[in-house]
Amino acid sequence: MQWLREAEGALDRARRLLTDRDWVGVCQQAQLCVEYSAKAVIACFEAHQWTHDPSDQLLRVVQANSDAILSRFGEGMVQRLQGLASDAHEAAPWHGWSTYGRMESDEHQTFPTDLCTQEDAERLLELSERSFLTASQFVLNWLNP
């Protein structure tokens, strides 16, 4: 439940930062929300790995427990958890990019302030909203049948 609480806090911060047009802050907090949401689901089954991209572990956990998940939630939840893994993979690079920037192919560095655009922030916020909804519905119903 703690990872779910962390995800909700990151989502709340991302929403507040959006109103301030703080694109770097939104990208950072939205990425964390997606990561924490995936880890909340993983924690229902095993300890999470120390990575900003828990997508492979989440997919493995869903596969290993697919019968139980299917019988409890149906195919729709399996698909949503697979979507959460995809969202975690998409969001993961933003942890470093929104903190340190990105080294470009021509060897120059693009700093977070120039890298994190409104479009990126809105996309990551969309991923975080969806991820948190999936994780909270899964975790709360898994732990409290």
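Biologist: Is N141 buried, partly exposed or exposed in this model?

Modeller: The model is a predicted one, and accessibility is read from the relative accessible area of each residue. N141 has a relative accessible area of 40% and is therefore partly exposed, since that class lies between 20% and 50%. The residue belongs to helix α8.

Biologist: Which residues are in contact with N141, leaving aside its neighbours within four places in sequence?

Modeller: Once those neighbours are set aside, N141 is in contact with R72 and F73. N141 and R72 are 69 residues apart along the chain, and their C-alpha atoms are separated by 9.0 Å.

Biologist: At what angle do helix α4 and helix α8 pack?

Modeller: Two values describe such a pair, the angle and the distance of the axes. Helix α4, residues 66-73, packs with helix α8, residues 118-143, at an angle of about 90°, and the axes are 12 Å apart. Because of that angle, α4 is roughly perpendicular to α8. On the α4 side the contact is made by A68, I69, R72 and F73, and on the α8 side by Q137, F138, N141, W142 and L143. By residue class, this contact of α4 with α8 comprises six nonpolar, two polar and one charged.

Biologist: How do the axes of α4 and α5 cross?

Modeller: The axes of α4 and α5 cross at roughly 125° and come within 7 Å. The result is that α4 is oblique to α5. Here I69, L70 and F73 of α4 meet E75, M77, V78 and L81 of α5. The residues of this contact of α4 with α5 are divided into six nonpolar, no polar and one charged.

Biologist: Which members of the largest nonpolar core touch the most other members?

Modeller: A core may be read through its members and the elements that supply them. The largest nonpolar core has 41 residues, and V41, L58, I69, L81, L124, F138 and V139 touch the most other members. Two or more residues come from each of α1 (2-19), α2, α3, α5 and α8. The most are given by α2, with 13 residues.

Biologist: Are Q29 and S98 buried or exposed?

Modeller: Q29, in helix α2, has a relative accessible area of 14% and is buried. Neighbours within four places in sequence aside, Q29 is in contact with A10, R13, A14 and L17. S98 lies in helix α6, residues 93-100. At 2% relative accessibility, S98 also counts as buried. Not counting residues up to four places away in sequence, S98 touches V24, C27, Q28, P112 and C116.

Biologist: How is a positive phi to be read, and what is the phi of R21?

Modeller: The background is simple. Most residues other than glycine have a negative phi, and most peptide bonds are trans. R21 has a phi near 60°, a positive value in a residue other than glycine. R21 is placed in the loop between α1 and α2. R21 is exposed, with a relative accessible area of 54%.

Biologist: Where is E107 found, and what is its phi?

Modeller: E107 is in the loop between β1 (102-103) and β2 (109-110). The phi of E107 is near 75°, which is positive in a residue other than glycine. At a relative accessible area of 63%, E107 is exposed.

How values were computed: Residues numbered from 1 in each chain as written. Predicted model: local features only at pLDDT ≥ 70, side-chain atom pairs only at ≥ 80, totals over all residues. Heavy atoms only, no water. Axes fitted to C-alpha atoms, helices over the stretch in contact; angles between N-to-C directions. Helix = DSSP H or I, 4+ residues; strand = E, 2+ residues; numbered from the N terminus. Parallel < 35°, antiparallel > 145°, perpendicular 65-115°, else oblique. Contact = heavy atoms within 4.5 Å. Nonpolar A, V, L, I, M, F, W, Y, C, P; charged D, E, K, R; others polar. Core = buried A, V, L, I, M, F, W, Y, C linked by side-chain atoms within 4.5 Å. Buried < 20%, exposed > 50% of the residue type's maximum accessible area, 1.4 Å probe, protein only.
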